[in-house]
Amino acid sequence: GAAARIQLNDKFATVEEVGAFILAERASKRQELQNVLTTALKVDGETKMGLVSDIKQELRKVNALKINYTTRVGDYRQNIN
């Protein structure tokens, strides 16, 4: 379809499910790793920033503040203006 979708690992999800997913993933890791995890967002170039902002809000609620963004494949130097 044409609508934006959120995928958490191998399942489609809603914005509201993001926080619970992060908490479950964090809990499944060894104690010493739980506070150093980074959330990776792979965002399609056609995705509206409103959806990304909504996801970031959910991540803030569960204190998942380290975020890595990926938006396109290729050499990073292609993105420099």
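Predicted model: local features only at pLDDT ≥ 70, side-chain atom pairs only at ≥ 80, totals over all residues.
## Packing of the two helices

Two packed helices are described by the angle between their axes and the distance between the axes. In this model, helix α1 covers residues 18-27 and helix α2 covers residues 49-61. The two helices pack at an angle of about 45°, and their axes lie 8 Å apart. That angle makes α1 oblique to α2, because it falls within neither the roughly parallel range, under 35 degrees, nor the roughly perpendicular range, 65 to 115 degrees. The crossing of α1 and α2 is right-handed.

Which residues of α1 and α2 meet? On the α1 side they are Val18, Gly19 and Ile22, and on the α2 side they are Ile55, Glu58 and Leu59. Sorted by class, this contact has four nonpolar residues, one polar residue and one charged residue.

Glu58 is found in helix α2. Is its side buried or exposed? Glu58 has a relative accessible area of 15%, and it counts as buried because this value is under the 20% limit. Leaving aside residues up to four places away in sequence, Glu58 touches Val15, Glu16, Val18 and Gly19.

## Salt bridges

How many salt bridges does the model contain? The count comes to three. One of them joins the side chains of Lys61 and Glu58, with an N to O distance of 3.0 Å. Both residues lie in helix α2, three residues apart, which is about one turn of the helix.

In the salt bridge between Glu32 and Arg30, the closest N and O atoms are 2.7 Å apart. Here Glu32 counts as exposed at 54% relative accessibility, and Arg30 counts as exposed at 53%.

## Two asparagines with positive phi

Most residues other than glycine have a negative phi, and most peptide bonds are trans. Asn9 is not a glycine, yet its phi is positive, at about 55°. Asn9 is placed in the loop between β1, residues 6-8, and β2, residues 11-13. With 54% relative accessibility, Asn9 counts as exposed, because the value is over 50%.

Asn63 likewise has a positive phi, of about 60°, although it is not a glycine. Where does Asn63 lie? It is in the loop between α2 and β4, the latter covering residues 67-70. Asn63 is exposed, with a relative accessible area of 54%.

Methods. Residues numbered from 1 in each chain as written. Heavy atoms only, no water. Axes fitted to C-alpha atoms, helices over the stretch in contact; angles between N-to-C directions. Helix = DSSP H or I, 4+ residues; strand = E, 2+ residues; numbered from the N terminus. Parallel < 35°, antiparallel > 145°, perpendicular 65-115°, else oblique. Left-handed = near helix turned anticlockwise from the far one by under 90°. Contact = heavy atoms within 4.5 Å. Nonpolar A, V, L, I, M, F, W, Y, C, P; charged D, E, K, R; others polar. Buried < 20%, exposed > 50% of the residue type's maximum accessible area, 1.4 Å probe, protein only. Salt bridge = Lys/Arg side-chain N within 4 Å of Asp/Glu carboxyl O.
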